Each structure stands twice: as structure tokens, then as C-alpha cells.
Amino acid sequence: MMKVPKVAFFDFTCCEGCQLQVTNLGEELLELLKFLDLVEFRETMSERWDGIYDIAVIEGSITTPHDVERIRRIRQRSRTLIAYGSCATIGGVNGMKNAFDLEEILQYVYGEGARFFTTLPTRPVHEVVPVEYFVHGCPVYQPEFLEVLKCALLGIPYHVPDVAVCVECKFNENVCFYERGLTCLGPITRAGCNSWCINNGNICYGCRGMVSNPNERGFLEVLERYGVRVEFLVRRMDMYNACRILKGAGKRHGEEHTR
Amino acid sequence: MGKSIRVDVEYLTRVEGHGNIVVDVRDGTLRECRLEIIESPRFFEGMLRGRSIFEAQHITSRICGICACAHSLASIQAAEEAIGFVPSEQTVKLRKFLLDIEILDSHILHIYFLVAPDLLGVKSFVPLVETHNAVVRRALRLKKTCNDVCDILVGRHVHPISCTVGGFTKLPRPGDLEKMRSLLLGMIPDLEATVDLVRGFRFPEFERETEYVALVSDDDEYPLLMGDIGSTDGVRLPKKEYRKITNEFVVPHSTAKHTRLNRDSYMVGALARLNLNFSKLHPRAKEIADLFGMNRKVTNPYLNTVAQLVECFHCLYHAVDIVEEFLKTGLNYDEEIVVGLNEKQRIPVRAGSGVGAVEAPRGTLYHHYEVDDYGRIMHANCVIPTGQNLRNIEYDMRKLVPEILDRSEEDIQLALEMLVRAYDPCISCSTHFLNVTFVGRDNPEGS
């Protein structure tokens, strides 16, 4: 009989909503459990496992020295690592703090308690340890997660769609938000979410990160046609993608920000 | 010579977020008793500064995956008040409906996945797949149904999409209303079976009366989305004075802030709401409360789980009432909004300050924003239920430990873990640590 792979979930700096997407699978989850041995999942399990993880699913960004040490330890014990959700894959909303002076933001939020905390510039997991698979999204889109998990279990690659959200949005026959007088990050954001937000009447906030080769000229034309300033769009992009611009900035300011 | 024990639970499991329990008893005397929070700081309030008030809901729902809808609703309420926007009656009703589903969903998760394993003597739901397969299936089914209703109403439960400042960007069609109604009614048998399950649980006996805080109102509706802030010690204040309730202060032995109202600590959450607003519960929820003897003031914090079960019934029937009303009257689809970041200035904006106070599953949640003339956020503050409960949990632990000192260390540890879990703490939410005691704590990041 084939050995059942040991799978574990770990959360770092995040809201744990992506883990929750697993319990939201309903009875399908029980089908999934036939193919893997869930050995750790702190949000819903007290069990611990001290062996090697065949697959470690990592939720959250790396934002403290403790996070750095912990992810390195987990990496050493894991055959395959899946970065799970925007916080893990691109830094996500946690990246917004990188645009601030870390000393100042600590002071603002924690006041006199600030001295109890240590914080580093936010980094996605792959900037600290090697990662084999990426599941983008805030939160992850369950059908894509199941697809990635299947690939990881079979040991075959998963290719993240590298076309714009607009492609899926067109299939879903949504009216373009630029036509409706709004701005939307769909034209430069990776597809794979089935244009989830736009289907529900909201704009794309860019949670899956940028496509690797955006159609820059085409997008600039769109912005010009609708009279949108580029800076306005860049500011919107910084909600999820601030780590992209500030990559290396942390090193300039000194690798560690301790008090 | 008294007994000496040391309980040190690192990475408390089956709670949302990261916490440690430390108890130190030497020679029969309790020397130390704390619940440490080791969640990495996330700086939401700091990061909001300079962003559009129309982005606040999107960003702050990411504070917590479990109560994303409650954060959204508190955020929207604060934002609308700050810019001077008054939502329509239809919008308010739909938001109440959303909050009902959020509380139902979160309570089910807590009862089945976080609490039940302790009372069934296992470490998690995983072994229950073998031993209590029907129970696990029921739990997953209930959870999934709440999720399906949220998918229809707001696109998804974890980080709702269509519920924004100004109203809803997509309104459910008549077929959607019908579908939500039948999904909700379909939950009733499973919820009734949950009553049988919980009746079989033996909750630890422990009493400690404290001050209970929740939203209160003058009308007949069980207040969850709107109201003043009230306490069982007779406090009643408008939400904009929330700081007088949460009342941060510095204690001599610590530079970290604590909260209290009239006593050493106070409790928020399902049990607090029941203690304050029992008479306004749905009749079926009251019947459930009667079954468990919960129709009086309850001071055993372990019974917060039962209070949640009572609220499950209230929220389910209340949500059904709302959806049935909409099925009768129909929805006004002209209210569907195209808002984005308010690029077209369809929603008038002015400078101001606004407070949102909402009953999240775990208790009263506050968001407070100040915006400038352009709707840019100048200041933000969030006070989350778990932060308010931490101090109360510590006081419970201090009373509980001496009462159970004759038990084995494993039993004491389990009793403490169960106590913390009973409060259903949501530590990721603790963007703003209100009352973490850092006594003798050299390394606040945890090990």
C-alpha cells in the first residue's frame, strides 16, 4: 500500500482565513482526508508531529525574527512547501506597513507598549526559504487550492495562470468597471480567482499579485482613455503588492528592526 | 508543604491565533497566572492612515478570517458615520442578516471543532472522523451551509465582497432569496441534533461573577448590529464613548495596558449578551436556553459555549424572518451600488469621526476612524473582543487554579485550556493589545 503523505498547516503573520477555507470545504474535506494524513493544523487540532512533513502548507507573511527562525526549522523538516494565500505568496496586506517607518508605526499602534515588540519589514515566504508551490489570493480560491494540492501530492508542477484577471472577467460577462466610471486592478493582476470580486460587483484589488509580463502600454492607454492618473493606481496596488516595490528596502534600512 | 505545579502551554491549540498559558504554583500558593499573546503584530491601525475610507472595509476584514464579516460591518458603520452617510433601511436589514450568519457560522466552528473534542476526550476533530463520523459530517455540513449562504449574499464568508460603505454592490435576486431561505431551514434538524450533542457534554463546574458588557437597546430586537453599550452593573453609554468602557489603564507592575469598567475585569461575548438581553431572544432560542437552565444570570464562563448554542437558534430564526420578509416585499434593486473607491463621488464625503460598535461572535467590537475632507483616514483605532476578555480570563484562572489544585497537572492544564477556549479567543484580531500582562516576561515574542 502506498504511504499516505503527512501534511501540516502552519500559520505565520496572517488572519488565518485561508486555513478556514479548508474547514469551509464541508464534507468534501473528509474525501480529502482519505488521501493524506493531516498531522498538524493548530487552528483546529491539538496533535503534534515530530517527523518529516511530506507537505507543509504555510499561511502568513514573515514579519518577526521568530517567524524567520520558525519557517527555517519547518523548511528543514519538509519535503515540499506550499505558500498559501497572499500573505505568504506576496506579503499581502501585511506589506502596507513597509511603506511606513517601522519605528513610527510601532509607536502609533502600541504606544508605550511598543518596546515589547520586534518587527521586520514584511516578506513573503519565498524570500526567506525556498518554496515549491504558490496558492495566491486573499483568501485562497478553494478550487485552485485543491488543484495545487493534487499537483503537490502527485509531485507534478502547478502553473499559476499568468494572464490578467480581465481574461476570466470577460468569460464571466461582467461589464468593465472602467466603463462604469471606476478603476480596477484586473488588467495587471494574475488570473486564477475566476474574477471573484468583480462577479460580486466590487473592483479587483490586486490580491493575487501582478502578472509577470503586464501589457504596460495597453494598460496606460486604458488609464489615459478614462482619465486615471498612474499614481492613483500605484497607490491602490500598494494595498497587496507593497513588498514588490520595497524588496531590498529592508536591507537598506538594516536587515533587522529591533528595539 | 503545599503542592508545586507549573503549567506552560506553548502554542495553545484550537483557538484562533497564538497564545500561551503560564501558571506557576509554588508550595500551594499561586505565584503567577497569565495568558500570553504571541501573535505577530500586524499594525492595521497604523497602515490605514492615508488610505481612502472606501478601502477601510476591505483592509480591516483581513484582521480576522473567522469574523471577517463582523469586522467589515463595524468598519462600514464607523466609516459611514465619519463621512455622514446614512444607510437605507434595506441595507441595514441585509447587514443584520449577514451578522446573523456570521455569528451562526463562528459559533458552529467553535462548538464543534474547538470545544467538542475536549468534552469527547480527544485532541481534535480528526479522530472523531472514525469514532463520531455522523457528528463530524453534521458539523461540516452546518459550516458549509453558512458559507453557502454568505457566498450568495456577499460573494464569500472569508472576506466578504459586496458589503461596502454605501450598501451592497450586488443584491440577491428572488431566486437567491429562496435559495438562502431553504438553506437556512435545512439547518434546523442539524441544529436540533446539536442540542442533543451538547446536552451530553459535562461542562466543568466553576462560578465567578463578573461585569458583563454588550450592546443594549430600547427596542425589542436582540441587539447585535446597533445599540448603546451596556453592562450588568448598570452602565449605559452611547457607542462614541466606547473609550469609557474599554477604559485602558496602566497597572503598577506592568507597562502594558489593561481594561476594566466597574470591577477588576469584564466579559464580552455570547454569555454577556444573554445576561444582558435574554428577554429579546427568539422564542425558540429561549426554549433551548430553558433546556440548559440558562434562563437566569449565568456566571460559569465554561457555559459560554451553551450561550453560543442558544444564539445559534436565535440567529438562524432571525435570519429566516428577514429573508421571508424580503421574499414578501421584494428588494429594491435600484439600491445596488457601483462604488469602488468612490471615484465618481456618488457618495458625498465630509471630514469627521465615526465609531462602529458591533457584536462580533466573541463580543463587542469597535472600529473608530477620523477622516479628512477627502475621505482620507487620519486616525484609526480598533478594539477587539478578545482584548477585552483577556483580563477576565486571567481573573478566572486565578480563582480556578486554587480550586482544582488537588488534580493532576494534566487535568489542571486541560481545565485551563478549556477555560480559555470557552471564551473562543480570537487572537489574530488583537491588533491592539488591551490587557496583556507582561510580568516577568523577558521575551514577548514567545519562544
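Of the 447 residues of chain B, 57% count as buried. This model is predicted. The secondary structure of chain B comprises 14 helices and 14 strands.

Now turn to chain A. It is divided into domain 1 (6-154) and domain 2 (165-245). The centres of these two domains of chain A, taken over C-alpha atoms, are 26 Å apart. Across the boundary, 18 residues of domain 1 of chain A are in contact with 15 residues of domain 2 of chain A. On the domain 1 side, the touching residues divide into 7 nonpolar, 9 polar and 2 charged.

Next, the sheet of chain A. It is an open sheet of 5 strands, in the order S2-S1-S3-S4-S5, with parallel pairing. Strand S2 (37-41) and strand S5 (133-135) of chain A are the edge strands, and each pairs on one side only. From one strand to the next, the twist averages 20°. Strand S1 (residues 6-11) of chain A pairs with S2(A) in the parallel sense over 4 bridges. A:Val7 has A:Leu38 in S2(A) as its bridge partner.

Helix H3 (residues 65-76) of chain A lies across S1, strand S3 (53-59) and strand S4 (78-84) of chain A. H3 of chain A runs at about 135° to S4(A). Helix H6 (residues 142-154) of chain A lies across S3, S4 and S5 of chain A. Its angle to S5(A) is about 170°.

What about the nonpolar core? The largest one has 199 residues. Those with the most contacts inside it are A:Ile58, A:Ile82, A:Ala83, B:Ile53, B:Leu98 and B:Val310. Helix H4 (residues 89-119) of chain B gives the most to this core, with 15 residues. Domain 1 (6-154) and domain 2 (165-245) of chain A both contribute residues, so the core lies between them. In soluble globular proteins, nonpolar side chains tend to be buried together.

Leaving out residues up to four places away in sequence, A:Ile58 touches A:Phe10, A:Phe12, A:Ile71, A:Leu81, A:Ile82, A:Ala83, A:Tyr84, A:Ala88 and A:Val125.

Is A:Asn241 buried or exposed? With 26 other C-beta atoms within 10 Å, A:Asn241 is buried, because the cut-off is 20 or more. Beyond its neighbours within four places in sequence, A:Asn241 is in contact with A:Ile90, A:Gly95, A:Gly206, A:Gly209 and A:Met210. A:Tyr84 lies 157 residues from A:Asn241 along the chain, and their C-alpha atoms are separated by 16 Å.

Finally, the interface between the chains. Here 57 residues of chain B are in contact with 54 residues of chain A. Several helices of chain B give two or more residues to the side that touches chain A: helix H1 (44-48), helix H2 (53-60), H4, helix H5 (125-131) and helix H6 (133-154). H6(B) gives the most, with 6 residues. By class, this side of chain B has 23 nonpolar, 18 polar and 16 charged residues.

Definitions and conventions
Residues numbered from 1 in each chain as written. Chains lettered and ligands numbered in written order. Predicted model: local features only at pLDDT ≥ 70, side-chain atom pairs only at ≥ 80, totals over all residues. Domains from an automatic or database assignment. Contact = placed C-beta atoms within 7 Å. Nonpolar A, V, L, I, M, F, W, Y, C, P; charged D, E, K, R; others polar. Buried ≥ 20, exposed ≤ 12 C-beta atoms within 10 Å, placed from the backbone. Core = buried A, V, L, I, M, F, W, Y, C linked by C-beta atoms within 7 Å. Pairing = 2+ DSSP bridges. Axes fitted to C-alpha atoms, helices over the stretch in contact; angles between N-to-C directions.
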